[in-house]
Amino acid sequence: MDIILDEARKRDMKVWILDDSHFPSGYANGALKNKPNTLRRQSIYTKKIPVHAGKKVSVDIRKICKKLPTSMMWEIVKRQMNKGADIFDDDTVLDVSVHVKGEDKPISIPYHLQGNKLSVQIPANADMLYITILTRNAGIHRDYMNMMDEESCKVLIDTVYEAHYAHCKDDFDKTIQGFFSDEPELGNDFDIPWSRDLQQEMEATFGDDWKLYMPMLFDNHCDDKQVAYTRVKFMDSVTKLVKKCFSEQIGNWCQQHGVSYIGHVIEDNNQHCRTGSSLGHYFRGLAGQHMAGIDDFDG
């Protein structure tokens, strides 16, 4: 860095700094490896099982957590990206519920969990069992920060941004123009991204029985309007948290230190409005940036 800055000064050149050790931004130079697991990415997933009323059903939770559905291409990518990644032991059963004909949302039912085996008695008029879990063993980049957790995103600032400022602050707003985020993503697959802050948003939006709305993120059995409302509110909360915890937090830091924040998200085939390889909302995902862009390949 010293050599680069010295040469740039001689030639009156300006320097932009990639804000991570490699693409996509969010790895925080590996710092999450030494942080509490609560700062790592987390996902929510609902396993759907067609059932018959009055029957007893037993499910191995371990198989749900270890074999979430995925696409063929994503499976190849995931194997490569997660090679040597940590295996987490804090997978949790969030709720067990059923779809009952005539109800506008699922109904929670009691369950028995012994070791990895979950057992339930299916009530009358139920035709679908939902087992909703929280896991850190899904998606790609399990050693990346959680884009919807303010404390987790601050790890990137402390590890990369603050370190550069401590080493070469005299070049800030002179030779160093600012930092560049490269294609940050929420990193989920058929699971859906989750965080502590997002859980609070769901509680505030849906009330005490908020868990019963989560299966509607994965299944269309319930009332159409209720399903649509749940998904809109969920996505709205996800992208607002990305804006607050990730983009604006970094943009504010740069503003306070006299430099700019730029970067881009993946746009191909409208990826910018999905989770997975992007941030769910083009404008919220880049809200803190002083100049933003997209990675858009046409043909």
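Which residue in strand 8 does Tyr-45 stand opposite? Select Tyr-45 and look across to strand 8, where Ile-133 is the residue facing Tyr-45.

This is a predicted model, in which local features need pLDDT of at least 70, side-chain atom pairs count only at pLDDT 80 or more, and totals for chains, interfaces and linings use all residues. Residues are numbered from 1 along each chain as its sequence is written, and side-chain values use heavy atoms, with hydrogens and water left out.

**Whole chain**

Show the C-alpha trace: along its principal axes the protein chain spans about 80 × 40 × 40 Å. The chain has seven helices and 12 strands; helices (H or I, at least four residues) and strands (E, at least two) are DSSP runs, numbered from the N terminus. Of the 299 residues, 53% count as buried. Buried means under 20% relative accessible area, exposed over 50%, and partly exposed in between, using a 1.4 Å probe and protein chains only.

**Strand 2 and its partners**

Select residues 42–50, which are strand 2. Strand 2 pairs with strand 8 (residues 126–135) in the antiparallel sense over eight bridges, and with strand 10, also antiparallel, over three bridges. Two strands count as paired if DSSP finds at least two bridges between them. On the strand 10 side, Ile-44 stands opposite Ile-192.

**The cavity**

On a 1 Å grid over the protein atoms alone, a cavity is a set of points where a 1.4 Å probe fits but cannot get out, while a pocket is an open set with protein on both sides within 12 Å along at least five of seven lines; lining residues have an atom within 4 Å of a point. The largest cavity holds about 120 Å³ of space. Of its 20 lining residues, the closest to the centre are Arg-41, Gln-42, Ser-43, Leu-186 and Gly-187. Volumes are the space filled by probe spheres set on the grid points, which are joined across faces, edges and corners.

Now select residues 260–266, strand 11. Six of its seven residues are buried, so strand 11 is largely enclosed by the rest of the structure. Strand 9 (residues 176–182) runs parallel to strand 11 and is joined to it by five bridges, with Phe-179 opposite Tyr-261.

Both of these residues touch Tyr-161, whose contacts also include Asp-19, Ile-250 and Trp-253, not counting residues up to four places away in sequence. Contact means heavy atoms within 4.5 Å. Tyr-161 is among the residues with the most contacts inside the largest nonpolar core, which has 74 residues. Such a core is a set of buried Ala, Val, Leu, Ile, Met, Phe, Trp, Tyr and Cys residues joined through side-chain atoms within 4.5 Å.

**Backbone exceptions**

Most residues other than glycine have a negative phi, and most peptide bonds are trans. Select Phe-23 and Pro-24: the bond joining them is cis, with omega about -10 degrees. Pro-24 lies in the loop between strand 1 (15–18) and strand 2. Asn-29 is found in the loop between strand 1 and strand 2; its phi is positive, near 55 degrees. Finish at Asp-12, in the loop between helix 1 (2–10) and strand 1, with a positive phi of about 55 degrees. Asp-12 counts as exposed, at 61% relative accessibility.
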